[in-house]
Structure formats: structure tokens, C-alpha cells
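Please read the following walk through the model alongside the sequence and the coordinates.

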Amino acid sequence: MPDISPLPEVSRRNALQIAGAAAIAPAAAAVAPALAPSPARASTAPTATAPITIEADGIVLTAGTDGSITVGDGADRIKLTHFMIKDSVLGQQRTFGGTPSLITVDGRQAIQIAYVMSASAQAVTVRGIFTVAARRARLRWEVSGSTTLTPTGYMFARTLLAPSAPERYVPATKWTRDARGGVPYEINDGALYQETWSDTQAYFRLAKTTPGFTNASWIHAPAGADGATDVELVLGAMRPAAANALGAGAPLSVDVWSEQPFGLYGSAAPMALKAQVVNGATVPRQVTLTWWARDFDGGQVGGGTLNRTLAPGAVWDESFTVAGAPQGIVFTEVKAVAGTDEVFARTNLATLKDHVYQAEGRFGIANYTWMLVPDKAAVGQLMKKIGVKSVRIAYDGAPGHSPAELDALGIPHNVQLGGVIFNGTPEQITKWADEKAAIARASGARYFEVANELNQPWMSGQKAAEYVRDGLKPIHDRLNGSGIKLMNCGLGGMDVNWTANFHKAGGWPLIDVFAFHPGRGNFTPDYAPPPSEWQQGENGTYWNFLGALREARRTVDAHGGGKELWLTEAYACTRPNRWWNDNHRQAAENVLLTLALALSEGVDGVNWYQPHDSTIHHPQEADPNNAEYHFGLMNRDTSVKAALLAFATATRTLEGARFVTWMTFKDQQVKGLRFDGFAILWTRADGYHLNADHGPDQWYPHKEAWVDHWPTKTRLTVAAKGAHVRVVDCIGRETRVPVKNGKVTLTLDGAPRIYYGLC
């Protein structure tokens, strides 16, 4: 246990005035070694006359007579005022001032605050212990005296002094590799709250926090296993990843990024890859930095090795340039090695041609367009650039782009609202329906999707009649004649049993649109078993795309009424190293084929789920084991996936296109969709099951995105016109194949490609 004792004499001095620019570590400045381990407890210290000040290079902590702590670096930046506990009996209780004293922690000066609790919580003792190292402070709060404490609910109060930007929550992640193989992936590595001034930043680093509990007054700071809350405060002009590594005491860290939003550049533009390495060790180290960049075919388009000696805590910034293709994606990795320590990070860069879209389109975005990273303007422009023609959820008061902002972007918008009160009282149902109908009217929505996936358990048929009675009909009665088209709750899968009960209960005449979510497992999108063969379960064939879509089409046509057919969520999940989910190359191929098949079945609208990997409740965090985190067209860091280029390729190719017919060939494994002006061809010589060689458990070593996963190549000679056939792959790269004597010979595999010039 560290030695903690009161000082015999209390130090009284003013805060050291440190020149801001010199005190704040610039990119190449050194940062002190890690702070000493957290104390388990502190001994009683004598009362001191405030202010009490402790300091290190670039940071000053001053305790006031009220028990507050002011953090500065020559300018006052932050004031730490109160601590809040949670107790199952006492409820939430906060401190009301405190008595500061000067103690020692491992032989170094520290500030201790003995906090004052309210009269109703006098049995509880809260003590704060604050230590410093260069540009860093460790903040520790210890709580005792009650057997009914709820440490997960602790919080601390902070006041920012003249910040230049709002506080920003930044989840911290790091890249790792599975010893069994497969692709690397990110895992969570703490969480940051970033504070910003015109000349510097500060970062509160916590092992865990729930940003939804944090507000303008309090930061959610749950206690650790020892019952105390530990927070690292890192002060200085550095990137969040560097601050997190320093706060966590990592001996070596690396971060990669692009300053271009989404890492997405214009056609053929040079692309810049940024890297930042931090030596978190206590001694100088020789660091070797290696980087590479690969295109969609696996060709290396950049790379190299650099060496540098870094002082303790030094920051090393580098920038690399990669030539951009007319359209394409580049996968990058930067690795830093020092002694036995090795760290790496990845991001993607991409180029996308400009395109002038038609006024109308069938393809949009489903959930979480409100994750406005890096900012609202950039996300709005990206949606326009990739051809988004509808947003599933938008209304005033909701996060994200408002209806007026989407109108300004020229992007139509809908609403999806739930909370149906099954078997509620008439008063409850009336209140719910009035509120939801009013939101829909005020939003200017074209469509109202009444709730979401209420057909659980899948294929049970439960609650369909109650849904019609308590949810759909009350909304219909309020919006009838409003011009807003009604959708049923988007079904999870094509649930034929729920749909039959819905029809029987009188729901069909109440809707203008039949909506469902054709989830898909490790099957190609054109896998189409009939409902009689669907198997239930997490990995069952119920989760197929084309078979479900055809059944939905049959249902809409059979029940009549001129209903539209919408896929209000469509998917290509890239959860890493799971056989049930796509790898990144498979996802790109499947985005294109999914949207083409949707058009072939006369679908009126498709909303892709979702813009980037994350969830609204844990934005920008990483969770490799949770499928919900991996449905995005962009990665967690918002760099584009190959799937985003595939979405843009599909929207640009398919908008305004008219489906003609399925094509047939002598080789029945060759598949084709003919549209007016082009065809999409592929084969199923390698079957309809992806990752088919998987074992009995869920783990499966995914191939990298640049690795071709189709072993069988099929040569096909067909009639063609002109001098060449133009071929466009799933991410929009173009090649040309010569036509000789009215014939062209193509090489096909399981990846769909677009062909212009076939007869």
C-alpha cells in the first residue's frame, strides 16, 4: 500500500503562473511518467488554511476553503466542486463543501478534501485525494460508512471556466488481434470527456461511464472494484487517443486518422493518413513505426518504416500520402514497436466520384442518422453524396437533423414512433395516439411507421390483434386524410404468422405500406428458401433475404389494395470473426446485390440500417461481440467501409432503372438480373452459404476485406455490342472488356458486377 501521511506543515502559496504555450505540451513535448498507484485509503490530516496548492509541469491544483479544486495551467480551466453518491436507502446524496488539507502520497504532496454531507447522510464519509504529475492529475473519491451504497451511480461535479467548445464524450478504444486468427478489431479502453479551449484541451479519463447519465453539472463516474472512483485528468494539446494512453499508463500507443471527414476524398485525389505515437514509458525508447496501405485487390499502394528515439511521454506525429484512384478504397495500418511493446491501429481512406442524382430515389437510411460525427454539416453532405433519398426517423425534438434541415438538404423524411400501450385504458391509448399523431403531423413526414418489430417472438403470431386495436387503428383514425401514409410496425423478418393474424384482425385496410426487415445470416442475398423450409432460432434460415422478400411481395399482391412494399431496415452486418456475419468484402458485395434484388421485386423503398457502426445508447464505443454495433456503412471511427461505396454504386446505378427480367444461361449456376441499359451477373458455383466451412461455435476467422473469397471462376461468353463492355464492381471501380465479333468473354464468380453493353 502506498505511504500516505499528513504533512507536518501546510504549504500556503499562490498558484504558479506558467506560460500557457510553454506549459501545454505541444505535439513533440514530453509528458511525465505515470502517476503512482491509487491509494486505498488516506490517514487523517490536520485542517489547513486554504488555498492549498500542488503543482507539476503544466498543471496546478488549488484547493479552496469551500472544498473545491481549481485546475489550471497558468489559466484557470476547471473547478471540481461536489461529489454525489447513490445509496439504495438514502437515495442520491451530494457533498456540501469540505475541508482541504495537505498530505503525502508515496512521498509526494497531495490534496485531501474531507467533504461535508447533508444531515440525512451524516453516516456517510466522502474523502477526495488529488495528486499531480506533469500535465496530469489523479482524482480519487473514497466513500464509506453505509452498507447500502450503490457505487455504479456515483458522479462528480465540474465547472468549465471559459471553454471555447462544448464538452465532448469520446469513447476510447484500441485495436487487438485474436490469437486464433481472423481480422483484428477494436475493443473498449476507457472513456473520455474532452474539454476544449482555444489553446489547449483537457480530458477526464474514466474506466467506465454512461454518457446518458452525464449532464452539464455532473459526470457519471462509477466506482471501481475497491469501491472508490478514480479519474485521470490529462491536460494538454493532444489527440484523445494519446490522452487516454497517458491516463491509462500505457507504455506505448498509436493513433491513426484522416482529417478529411469519413476519410472520403474526391475522385483521384491524394489522400493523407495521419499517425500519432506516444511513448508512455518512464525512459527514452527507440520506436519503429511501420505502415502500409492496400487497395481492394490487396495491392500495396503505400508503406514504409521509420525509426525515432522518443523521450518519456514524447509525442511523435507523422503524415503519409496515398495516391487516390478514380474510385476505390484503401485499407491502412500503422504499427509502433518499442522493445517488447507493440501496438497498431487501422483506418480506411476512399475516393468517390461526383454524381448528379435524380430528384426521386428509393434508397435511404434507417436508424441513427443522428450520430452527427464529425458534425451535422458533414453528415448531411455525405448523405447527399451517396444518394440517400429518405430518412426513416426525423421530427422536431429528436436528435440529429431536424425536418427543416433535411428539407434544406432535399432529403425526404419519415417518422417511426412506438410505445404502443397494449390493453391500456381508453385514456392511456387516447393520450398516446394524440401525442404520436401530433408529432407526425408537425414533422412533415410522408410516412408514419407505427412502432417497430412488435412481432416478437418471431413467427409466434402474438399481439397482432392487440397491435391493430391499441396502436394502428387509433393512429389511423387521427391521421386519416392527412396525406401521411401509414406503415405497419416494421416486422423482424417476414413473419407470415403475425401477418396472417394482422390481416385477420382488420389491419390490412388501415395501412398504405407493408413494411418488414429482411434480416440475413450467412446466406447470399439471393438465397430464397420458401417459408415452409424456414427454421427458427438465432442462426436459422428464417433470416434469409430473397425468400423473405418474395413472400412479402406475394402477400402484398394477394391481399391487394395497392399497398406499397418497404424494407424499412436492410442489413449487412460485419461483426468480426463470426460465421453468421459478413466480412467487409462480403458486405460490400451483398449491399449491391441486396438493393438490386429489392428493385427486381418492385420494392418502393429501402432504408439501410445504419450510417456507421455504433448504437445510440453507447455512441462511438466498440463492442466486437454485439451484432448491433456492426451494421454501419462506416466503421466506428466513421471511416468508410467498402459497403458505403457499394451503397453509392447501387444508388447511382439503380435510381430510375427499370427491371426487365431474370436472365437464364446454359450453366444454371450463372445468375443475372437484366435492367434497361445494364445487367448484373454473378454465379453460385460456390453455393449460397457464406463462411460455409465454419465449426460448431460462433467464432470464424474472417478474411481481410482485400482477399477474394470466391474460389471458383467461371468463363462466360455472351453477345455484346460496341467495341467493349464496361464492367463496374461492387465498389464502383470500372474496367473494360473488349468485344470481338459481337461476343465478349467475361470471368464471373460469386461477386455481383454491373455490365454495360450486353445484348
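**Cysteines, helix packing and backbone geometry**

A search of the whole structure finds 0 disulfides, a disulfide being a pair of cysteine sulfur atoms within 2.5 Å. This is a predicted model, in which local features need pLDDT of at least 70 and side-chain atom pairs count only at pLDDT 80 or more, while totals for chains, interfaces and linings use all residues. Residues are numbered from 1 along each chain as its sequence is written, and side-chain values use heavy atoms, with hydrogens and water left out.

Cys-573 is in no disulfide, and the nearest cysteine sulfur, that of Cys-730, is 17 Å away. Cys-573 is buried, with a relative accessible area of 7%. Here buried means under 20% relative accessible area, exposed means over 50%, and partly exposed is in between (1.4 Å probe, protein chains only). Cys-489 also counts as buried, at 0% relative accessibility.

Next come the helix pairs. Two packed helices are described by the angle between their axes and the distance between the axes. Helices (H or I, at least four residues) and strands (E, at least two) are DSSP runs, numbered from the N terminus. Axes are lines fitted to C-alpha atoms, for helices over the stretch in contact, and angles run from 0 to 180 degrees between N-to-C directions.

Helix 5 (residues 426–443) and helix 6 have axes that come within 9 Å and cross at roughly 55 degrees. Helix 5 is therefore oblique to helix 6; angles under 35 degrees count as roughly parallel, over 145 as roughly antiparallel, 65 to 115 as roughly perpendicular and the rest as oblique. The crossing of helix 5 and helix 6 is right-handed. A crossing is right-handed if the near helix is turned clockwise from the far one by less than a right angle, and left-handed if anticlockwise. Residues on the helix 5 side of the contact include Ile-429, Trp-432, Ala-433 and Arg-441, and those on the helix 6 side include Asp-470, Pro-474, Ile-475 and Arg-478. Contact means heavy atoms within 4.5 Å. By class, the contact of helix 5 with helix 6 has 8 nonpolar, 2 polar and 5 charged residues. For this count, Ala, Val, Leu, Ile, Met, Phe, Trp, Tyr, Cys and Pro are nonpolar, Asp, Glu, Lys and Arg are charged, and the others, Gly among them, are polar.

Helix 6 (residues 464–479) also packs with helix 7 (residues 496–504), at an angle of about 55 degrees and with the axes 7 Å apart. That angle makes helix 6 oblique to helix 7, and helix 6 passes helix 7 in a right-handed crossing. From helix 6, Ala-464, Tyr-467, Val-468 and Leu-472 meet Trp-498, Asn-501 and Phe-502 in helix 7. The residues of this contact divide into 6 nonpolar, 1 polar and no charged.

Helix 9 (residues 584–600) packs with helix 10 (residues 642–654) at an angle of about 20 degrees, their axes 8 Å apart. Helix 9 and helix 10 are therefore roughly parallel to each other, and the crossing is right-handed. Among the contacting residues are Val-591, Leu-592 and Leu-595 in helix 9 and Ala-646, Phe-647 and Leu-654 in helix 10. The contact of helix 9 with helix 10 has 12 nonpolar residues, 1 polar and no charged.

Burial is also seen elsewhere in the chain. Helix 2 (residues 240–248) is largely enclosed by the rest of the structure, because 7 of its 9 residues are buried. The buried residues include Pro-240, Asn-244 and Leu-246. Gly-249, which follows helix 2, has a positive phi near 75 degrees.

Tyr-755 lies in strand 39 (residues 753–756) and is buried, with a relative accessible area of 2%. Leaving aside neighbours within four places in sequence, the contacts of Tyr-755 include Phe-678, Leu-681, Val-725, Arg-726 and Leu-748. Gln-416, in strand 25 (residues 415–417), is buried at 14%.

The last topic is the backbone. Most residues other than glycine have a negative phi, and most peptide bonds are trans. Asp-106 has a positive phi of about 50 degrees and is partly exposed, at 33%. Asn-423, in the loop between strand 25 and helix 5, has a positive phi of about 60 degrees and counts as exposed at 53%. A cis peptide bond joins Val-373 and Pro-374, with omega about 5 degrees. The bond from Tyr-609 to Gln-610 is cis, with omega near 20 degrees.
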